[in-house]
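Have a look at the fold, then follow the notes below.

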Amino acid sequence: MTENLIVDREELFQEIVELGRTEGINDQEAYNDLVDETVERHRDWGEMHDDSSTVGLSEALRGRWADYRAALGLDAEQPQL
């Protein structure tokens, strides 16, 4: 029997921040794509499944766009990495 691991939302967000920094992602559309890809990758790895407590996870992480920008130090004066 395979046990699905529980993914910590904050750890997942930090992973997205690091991936975004590495990939130079600084617009919301690309950030949303990165969120979806990261969540799907964790599902593919068997760390979560659709009927787990991760329902709505992608939506919640996409809603953290402002937090993502702040984590990267992006603002009106520095909109690009």
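Predicted model: local features only at pLDDT ≥ 70, side-chain atom pairs only at ≥ 80, totals over all residues.

**Surface, fold and aromatic rings**

**The overall fold**
- You'll find 4 helices and 0 strands in the chain, so reading from the N terminus the elements go α-α-α-α.
- Of the 81 residues in the chain, 32% are buried.
- Take the contacts between residues at least 6 apart in sequence: 67% of them join residues at least 24 apart.

**The aromatic rings**
- Searching the whole structure turns up 3 aromatic pairs.
- One of them is Y31 with W65: the ring centres are 5.5 Å apart and the planes meet at 50°, so this pair counts as tilted.
- That pair ties together distant parts of the chain, with Y31 in helix 2 (residues 28-44) and W65 in helix 4 (residues 65-72), 34 residues apart.
- W65 also pairs with Y68, and this pair is stacked, at 5.7 Å centre to centre with 25° between the planes.
- W65 and Y68 are 3 residues apart in helix 4, which means about one helical turn separates them.
- Are Y31 and W65 buried or exposed? Both are buried, and Y68 is buried too.
- Put together, Y31, W65 and Y68 make one aromatic cluster.

**A charge over a ring**
- R64 has its charged end sitting over the ring of F13, 3.7 Å from the ring's centre.

Notes. Residues numbered from 1 in each chain as written. Heavy atoms only, no water. Phe/Tyr/Trp six-rings, centres within 6.5 Å; stacked < 30°, edge-to-face > 60°. Helix = DSSP H or I, 4+ residues; strand = E, 2+ residues; numbered from the N terminus. Buried < 20%, exposed > 50% of the residue type's maximum accessible area, 1.4 Å probe, protein only. Lys NZ or Arg CZ within 6 Å of the ring centre and 35° of its normal. Contact = heavy atoms within 4.5 Å.
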